[in-house]
Amino acid sequence: LVNSPYYLNADVVIESGVTLIIENGARIYLNDSHLIKCNGHIISGCNEFVASSSSIPARGIDETQFVYFYGGEGIMMQGSGFGHFCNTQFDAMKSALIDDSDNTATFVDHCWFRQTNKALQLKSTGTHYIRHSVFDEIYDSVITGTDVVIDNCRFDTFYKLFANTPSNIMFRNSELVNCQSVCFEVYASQNSEFHNNLVMSAEQGLVIKTDETSMFKVSSNTFMNCRDFAVESYHRLTVFENNVFDGNMHALFADENKFTLINNTFINNRGLAAEIQLDADVDALIEGNLFANNGGDACT
């Protein structure tokens, strides 16, 4: 921090067994063609966890309390490397965080990603935690860890968020707004959930493609003003419960072998409220749903 700001005109390598601690208030500028390669442990902004609130942080930061990265290719965890990032802003980077390491985890808490091409490329088979963070004007993010937890985040003005995991995805308490493609496309192989999120003003909201042995639960979400289907599900065991679909072009498309639709609200959707394709011997539970002022059929 004493010598901040730092200008990096070459790749920086953190060797295995080495821990780099970046203190709050440090400012690091990377040349466009260079990155930080971490084979050890990088801890950014976690020395004083000033953003102790559990809510989504507001835009704008106090530069004395955050670490600031600007430009460059990004930060790459590789080999046995792993990272903890708190109170950190990533600005105008090609790929802010890249995890291509061997079965390690990435922790992101109270961070701000702004005007980056790919905010997250988390490709290791570890568990990834992304919490209380803002993603502003990004292109996309790709997450393929064994377990993924996204909680209390805001994604605003972005192209797509994609997750492909052999295990669990927990996506909760977040906002996804102004998406130019699919807000969240997910491939999961074990029980997962999309809970208590706001999806608004997107081309498409949620696309689910998972195997036939796991349950995907979509509960207590609000889907508003999507320009195509708010939700498309190509799954074998999906539960929709206590969701609100309001003002979308179409609300729900589901192609299922086993299906639950209970206590959802479909209002003011301009096209189909719910298009459901079920096999002849399907086990389906549809009850307690409200359909009002929609342009298309309630269920087909």
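Residues are numbered from 1 along each chain as its sequence is written. In this predicted model, local features need pLDDT of at least 70 and side-chain atom pairs count only at pLDDT 80 or more, while totals for chains, interfaces and linings use all residues; side-chain values use heavy atoms, without hydrogens and water.

**Exercise 1. The core**

Find which residues touch the most other members of the largest nonpolar core.

*Solution.* 
Step 1. Recall the term. A nonpolar core is a set of buried Ala, Val, Leu, Ile, Met, Phe, Trp, Tyr and Cys residues joined through side-chain atoms within 4.5 Å. Buried means under 20% relative accessible area, exposed over 50%, partly exposed in between (1.4 Å probe, protein chains only).
Step 2. Pick out the residues. The core has 65 residues, and Phe69, Phe90, Phe113, Phe184 and Phe194 touch the most other members.
Step 3. Strand β20 (residues 175-188) supplies it, with 6 residues. Strands (E, at least two residues) are DSSP runs, numbered from the N terminus.
Step 4. Zoom in on Phe90. Leaving aside neighbours within four places in sequence, its contacts (heavy atoms within 4.5 Å) include Phe69, Phe113 and Arg114.

**Exercise 2. The strands**

Work out in which sense β8 pairs with β5, and how β8 and β11 run.

*Solution.* 
Step 1. Apply the rule: two strands pair if DSSP finds at least two bridges between them.
Step 2. Take β5 (residues 35-38) and β8 (residues 74-79). They pair in the parallel sense over 4 bridges. Leu35 stands opposite Gly74 in β8.
Step 3. Move on to β11 (residues 95-101). It is joined to β8 by 6 bridges, and the two run parallel. Met77 stands opposite Asp99 in β11.

**Exercise 3. The salt bridges**

Which partners do Lys37, Arg114 and Glu193 have in salt bridges?

*Solution.* 
Step 1. State the rule. A salt bridge is a side-chain nitrogen of Lys or Arg within 4 Å of a carboxyl oxygen of Asp or Glu. The count comes to 9.
Step 2. Lys37 pairs with Asp11, with the closest N and O atoms 3.6 Å apart. Lys37 is in strand β5 and Asp11 in the loop between β1 and β2, 26 residues apart.
Step 3. Arg114 meets Asp91 at 3.1 Å, N to O. Arg114 lies in β13 and Asp91 in β10, so the pair ties together parts 23 residues apart in sequence. Arg114 is partly exposed at 26%; Asp91 is buried at 5%.
Step 4. Glu193 pairs with Arg172 at 3.4 Å between the closest N and O atoms.
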